[in-house]
Amino acid sequence: MKQRAIPCTLMRGGTSKGPFFLANDLPADPAVRDAVLVAAMGSDARQIDGVGGADTLTSKVAIVGPSSRPDADVDYLFLQVVVGEGRVDASQNCGNMLAGVGPFAIEHGLVPANRPRTSVRIHMVNTASIAVAHIQTPDGHVRYDGDARIDGVPGTAAPIDIDFLDVAGGSCGALLPSGNARDVIADTDVTLIDNGMPVVVMRAADFGQTGHETPEQMEADGSLRARVEAIRLEAGKRMNLGDVTKKTVPKMCLVAPPENGGDISTRMFIPHKVHKAIGVFGAVSVATACALPGSIASEIAPSGEDGARSFDIEHPTGFFTVSMEIEPGPSGPHVRRSALLRTARALMAGDLFVPGDVWRNGSL
């Protein structure tokens, strides 16, 4: 049977990369769609028979289409093709790939371009929440070149400012799923938090770590990884995520005092590899923890006063600045808005081929 050609655009979004598809160009049946995406990206650890990069950060897919909600311009569904496992996970958002959604939507006619800037309201389907991306379109077309720099990406590009509106509890049902700023799991103090990404915040020192080790050093420590995973499995239950054995959430974050002038240092398990930087929503959740009195993170980065705040979240390859607006709430501080800077670039556009029988019957 002939191969099936699927139009797509390969884009870098923030510190991630992957193909972007129009929703109508993929099968409507989720099971068939996922089989098609595994065939497209590659099912083995090297992803040798697909376009995936054999790394969590480069085995990502964005699906964009007209919005199903009146308060948004487009729908964005993020899918993680799990490297080496031949399956697709839809349990989380990706704020890095999100940076490419606005440019992709404009270039595909889903949103008309304005001058000098176009704001795109994005319905993040995974968590049923809204983000607003502000794209530079000075001549009515997306501008990719510029002077903005983000850690983890070489060179500079046009800035993409992204506002997150009331994303708390998108996956777990509440900002603090357990109702507490601090819990204890396996004799370890933890903060269970979800402000765009379910994250478990823990002291690096409680694991015998400085919190400044390289990702490779932490990944080589089998006892560390086993202990972190044991806590993750229990945390998943307490965060209303159920059995997370085969899920990519919650993320596990070891925090420590900063070493490069930031507010807090992080090492994020995503969930089994250690991120070379930190994910967008992971950084937002950690920054939110910094702002919550009594949390593990607030021991290092004191919460301070309500109002406009900014936190520099250090990670293995630099830092990530998260701006927030915090206001008092009946049960504690309420995060009204989170904002950050990302960049994106279209890398290539064309057809991605998959075996025709995969499209037809949903099996490799």
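How far is the sulfur of C253 from the closest cysteine sulfur? The distance is 9.1 Å, to C290, which is too far for a bond. A disulfide requires two cysteine sulfur atoms within 2.5 Å. A search of the whole structure finds zero disulfides. C94 is in none, and its nearest cysteine sulfur, that of C253, is 16 Å away. C94 is buried, at 4% relative accessibility. C253 is buried at 0%. Here buried means under 20% relative accessible area, exposed over 50%, and partly exposed in between (1.4 Å probe, protein chains only).

The model is predicted; local features need pLDDT of at least 70, side-chain atom pairs count only at pLDDT 80 or more, and totals for chains, interfaces and linings use all residues. Residues are numbered from 1 along each chain as its sequence is written, and side-chain values use heavy atoms, without hydrogens and water.

Strand 6 (residues 117-124) pairs with strand 4 (residues 74-82) in the parallel sense, over three bridges. Strands are DSSP runs (E, at least two residues), numbered from the N terminus; pairing needs at least two DSSP bridges. Y76 stands opposite M124 of strand 6. Strand 6 also runs antiparallel to strand 7 (residues 129-136), joined by eight bridges. There, V120 has A133 as its bridge partner.

The largest nonpolar core has 84 residues. Such a core is a set of buried Ala, Val, Leu, Ile, Met, Phe, Trp, Tyr and Cys residues joined through side-chain atoms within 4.5 Å. Y76 and M124 are among the residues with the most contacts inside this core. Beyond its neighbours within four places in sequence, M124 is in contact (heavy atoms within 4.5 Å) with residues including Y76, L98 and F164.

Terms used:
Helices (H or I, at least four residues) and strands (E, at least two) are DSSP runs, numbered from the N terminus.
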